[in-house]
Protein chains: 2
Amino acid sequence: MSLKIKYADGTSGEMADANSALEIYRHSTSHLMAAAVHSLFPEVHLGIGPAISDGFYYDFERPDGFVEEDLKKIEARMKELVAQNLSFEPSIISKEEAIEFFNKQGEHLKVELIREKAGERLSCYRLGQLVDFCTGPHLCSTGQIDPDSFHVLSIAGSYWRGDEHNQQLQRIYGTAFLTPAELQDYLNQLEEAKKRDHRKLGRELDLFSISEEAGPGLIFWHPKGTRVRLIVEDFLRKELIHRGYEFVTTPHVARDVLWKTSGHYEYYRQNMYMFRIDDEEFVIKPMNCPGHIHIYKSQMKSYRDLPVRFAEFGTVYRYEKSGVLHGTLRVRGFTQDDGHIFCTPEQVYDEISNSMDLVLFIMKNFGFDQFKVELSVRDEAKKGEYAGTEEDWQMAEEALTQSLRSRGINWTRMEGEAVFYGPKIDVKLIDAIGRPWQLSTIQFDFTLPKRFNLSYIGSDGREHQPVMVHRALLGSIERFLGVLIEHYAGAFPIWLAPVQAVVIPIAERHQEYARKVLSRLTEAGFRAEIDDRNEKMGYKIRAAQTNKIPYMLVVGDKELQSGEVAVRNRFSGDEGALTLESFLEKIEGFVNNRSVRP
Amino acid sequence: MSLKIKYADGTSGEMADANSALEIYRHSTSHLMAAAVHSLFPEVHLGIGPAISDGFYYDFERPDGFVEEDLKKIEARMKELVAQNLSFEPSIISKEEAIEFFNKQGEHLKVELIREKAGERLSCYRLGQLVDFCTGPHLCSTGQIDPDSFHVLSIAGSYWRGDEHNQQLQRIYGTAFLTPAELQDYLNQLEEAKKRDHRKLGRELDLFSISEEAGPGLIFWHPKGTRVRLIVEDFLRKELIHRGYEFVTTPHVARDVLWKTSGHYEYYRQNMYMFRIDDEEFVIKPMNCPGHIHIYKSQMKSYRDLPVRFAEFGTVYRYEKSGVLHGTLRVRGFTQDDGHIFCTPEQVYDEISNSMDLVLFIMKNFGFDQFKVELSVRDEAKKGEYAGTEEDWQMAEEALTQSLRSRGINWTRMEGEAVFYGPKIDVKLIDAIGRPWQLSTIQFDFTLPKRFNLSYIGSDGREHQPVMVHRALLGSIERFLGVLIEHYAGAFPIWLAPVQAVVIPIAERHQEYARKVLSRLTEAGFRAEIDDRNEKMGYKIRAAQTNKIPYMLVVGDKELQSGEVAVRNRFSGDEGALTLESFLEKIEGFVNNRSVRP
């Protein structure tokens, strides 16, 4: 599909690249929305209105703000303007003319932008009554926009130029796709995402909370959330120990000296929390690396000791603006499933390969089978700006590439996306509704071994510098749990479920037997509850469904006599009567296999 | 035994109370030491010289300081002065006379003390050449001091009047006992304690370290130390869940508001670390209580939900002066095995009783079978200064007393030792060499439920305030591990040992078999190593003994052929050849029973 477009100089062209076409389509739809708003609410002043990764927005200055109902009116007016097939008409004028024109229109924000950003001549686009300062390109006319391909989504507060010291504006978000079918898919996904929102489910399932009093971005895990968290940690810990990692424990605070040596004090200071003890400055750790390095250095290492693999579920604290915090996904305190490998150059390939295997193993066990892999390498044009030698980079890229290739993994090479201290692999999981989540990372570090003067005695009896690799599988445990909640819409697989089964006595005379069943479940190591409230069975089953408990074990006269339980699966409904021991055996299998769905 | 003593007014008496007698004996020995120092080093100026809990000290001003060898000279001179049977001669003089006298002697520190502390008339004691400002009483003469009942121990830096802004002094520590046998017991214990010093063993066994760079009082647990720590935590966690606790996870930082509500901001601020985020003050948590309270409050509770028992291994940070920090025993960051019980008044007795049972169970499993229990209650004369009602205190004391009595536990009632917010039980463990360690505590809290406005809906449908109990079993995990190291002198029981067995191949041709043995051990879940260094067997066995590894599995030609292992127990020596499976079965038993000594 190719899109006819109009450049600022008045010439026309075709845009065949799908991504660029979509961006122009959205940008033009954003102007269309601005024109609609302008005709409905002539008193608004215009901010800016770009295309963004999943749609577009336009910022307006309007003291009274907008209300939800306005969105429908705006969308309806947009459709009318589409029907009128208005042209996007570009013109090139002088800066002076532009300032005079926008001043006359009362568009003081545009005037401010033009004064700062424009050259001597600049381009504007007219769409119906609306003239905007814009470099384009745009569609040729609104008739090119399918009236069923866009949707006005929401209103949010924003600040002029993103600066909280400036005046507040009203941002209207919309989205548009090249076809109505794509829009519908996207809207369905949005709807599905809303149902899966981990903040909503976290509250409903009593998994975690954030305290107004304690401050934003700090997660309190309630008993049920902590259960899931501990299961995740225990699983990971066992697997890491099995694969030759050694767990260590390092303090959450340390003197600034450590961070001056690491370089974080210089380059990362604005994200670090600092305080004083006596007359010295201390830092709440934003990373675990310097702590692991201290332990590495505490005893002289020989090549026979390598590889050294340290792991820690290390809670770190980093500054984030309160506006960007989002549930457990973006926070101010989080627990990295952190690991550092110190090895010889000869060991690098095996270590990277084993790390990739571990990532795939962990993902699979948590029920993720789709992912995107990115290999971030240097910007070839700016080689001088990176730490490490030419050989370091070649060795590292070779190991990363080779470990992906030999596993048949497809990857995208991200030129210039490496951090300055080394190349890396990032793995993004694709969740149940197709959203990507950045989780695992495997990163080389060519600076810290030098800064901390790390060494080992080689087989030649001389000192060498070890290669250092940072890697995290889940990334942040808080974030991962948020992703898990959204991926499973709160209905965790039985091995992760905070409550695996609820025993439901039908009447009071079944309570004693129900409690025996509960005891046996608990004794066998399962997480079970009893619902002995004085309510109807249907009510209790609905409650268990709402609480996303995988199994309901109903016990009445029949079960009491036969010594069985009537098993109800949250997904597939009745599974008939089973002896308790058969049921235990069955779910034990699901737990041990970490089955996604029983 | 009764001690003849001389009071400041010149009268004599008998002191029959053993504790007071020992204190006077030590105080007089301190003066004896001062007289000896003064005669050897006439240029010194005197600070103060009291008796302390396990001996005495005297502070001296001497710019050159003292060296180790001086201690022997001082002790020898003390014995000479004992032989001279010098009198302790008291006199009462006026403040003016005293100031004139000590000024003439150049004793400016004494002059400062007299100016500030003395009344119009004051007492001095002369001992040989030395006159000291002192209220006494003292022994009558040095002949009463057995020359084999005291020992000069060590030198340390100190500050005049304990204030680091004052001049530095030299503190000489000594000890004295009423009989030479008691001194010898004490010195033997000191010697034993030195061997068991967890700082020394922590380094030798590679368990933990403290980093100069990162700052004092912050522990880095190395792989082997973390293994022990995780075993302790896992054991405790399993037991707590089994006993109806729910684990929660709370952040390490929170806004000051939380601490203002709790009262810590007002009463505990000097121990809290504070920092800023944006324009607000935050605190690094010194306690976990407010976090647990937040979770309690996050949902309305009914009497049917109680008791609520929250547990967390929560790492807290508290200010301590660097001078008092000591290994892992006294630190600036430590992990409480914290728990909070919220219950109805009717549930209090059961909850306290279950907590006592848990304390005893945990202690026993860690190999402690002796303990001292203290019940701290109000000062009856100052009832008005405590939080909570008369009924609160009666109910709480009754529950605490009753839970001890019904278990046949002896306790000491500590009048006036309760904290203002409630009575408590403290449990001190007695270690292998008889030292007491304060570990477990069970404390009522009558303030926080009120300050945080906690409630539950009773069976009467009305709001009630729950009773809140803080309790910790190990107290601090860091401290407990330090105590464990000293108790076992680093030779942990097999269930706690970071390395449970080392496989020792006799020659190179046994290495393959040794590695098979190692694999099987690891696969069976044991923590094992191989010592495949090119060294003699005796050397490897000595290394394993030094590393306090419970079992050595030696494999040579014989074992290779029979498919067995030659088992050597660290304590009892050779145990003969066993098949690997029999050995596994054997140690599995020791691990499951948490046997102290296999």
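In this predicted model, helix 7 of chain B is mostly covered, with 14 of its 20 residues buried. From its first C-alpha to its last, helix 7 of chain B reaches 28 Å, close to the 28 Å expected at 1.5 Å a residue. Helix 7 of chain B is followed by B:Gly244, which has a positive phi near 85°.

The model contains seven cavities of 30 Å³ or more. The largest cavity holds about 950 Å³ of space. A total of 49 residues line the largest cavity, and those closest to its centre are A:Glu233, A:Phe313, B:Glu233, B:Phe313 and B:Thr315. Both chains give elements to this lining: strand 13 (219-221), helix 7 (223-242), strand 18 (308-317) and strand 19 (333-343) of chain A, and strand 13 (219-221), helix 7 (223-242), strand 18 (308-317) and strand 19 (333-343) of chain B, each provide two or more residues. The lining divides by class as follows.

| Class in the lining of the largest cavity | Count |
|---|---|
| Nonpolar | 19 residues |
| Polar | 16 residues |

Strand 1 (residues 3-6) and strand 9 of chain A run antiparallel and are joined by two bridges. A:Lys6 has A:His138, in strand 9 of chain A, as its bridge partner.

Terms used:
Residues are numbered from 1 along each chain as its sequence is written. Chains are lettered from A and ligands numbered from 1 in the order in which they are written. This is a predicted model: local features need pLDDT of at least 70, side-chain atom pairs count only at pLDDT 80 or more; totals for chains, interfaces and linings use all residues. Side-chain values use heavy atoms; hydrogens and water are left out. On a 1 Å grid over the protein atoms alone, a cavity is a set of points where a 1.4 Å probe fits but cannot get out, and a pocket is an open set with protein on both sides within 12 Å along at least five of seven lines; lining residues have an atom within 4 Å of a point. Grid points are joined across faces, edges and corners, and a volume is the space filled by probe spheres set on the points. Helices (H or I, at least four residues) and strands (E, at least two) are DSSP runs, numbered from the N terminus. Ala, Val, Leu, Ile, Met, Phe, Trp, Tyr, Cys and Pro count as nonpolar, Asp, Glu, Lys and Arg as charged, and the others, Gly among them, as polar. The expected span of a helix is 1.5 Å times one less than its number of residues. Buried means under 20% relative accessible area, exposed over 50%, partly exposed in between (1.4 Å probe, protein chains only). Two strands pair if DSSP finds at least two bridges between them.
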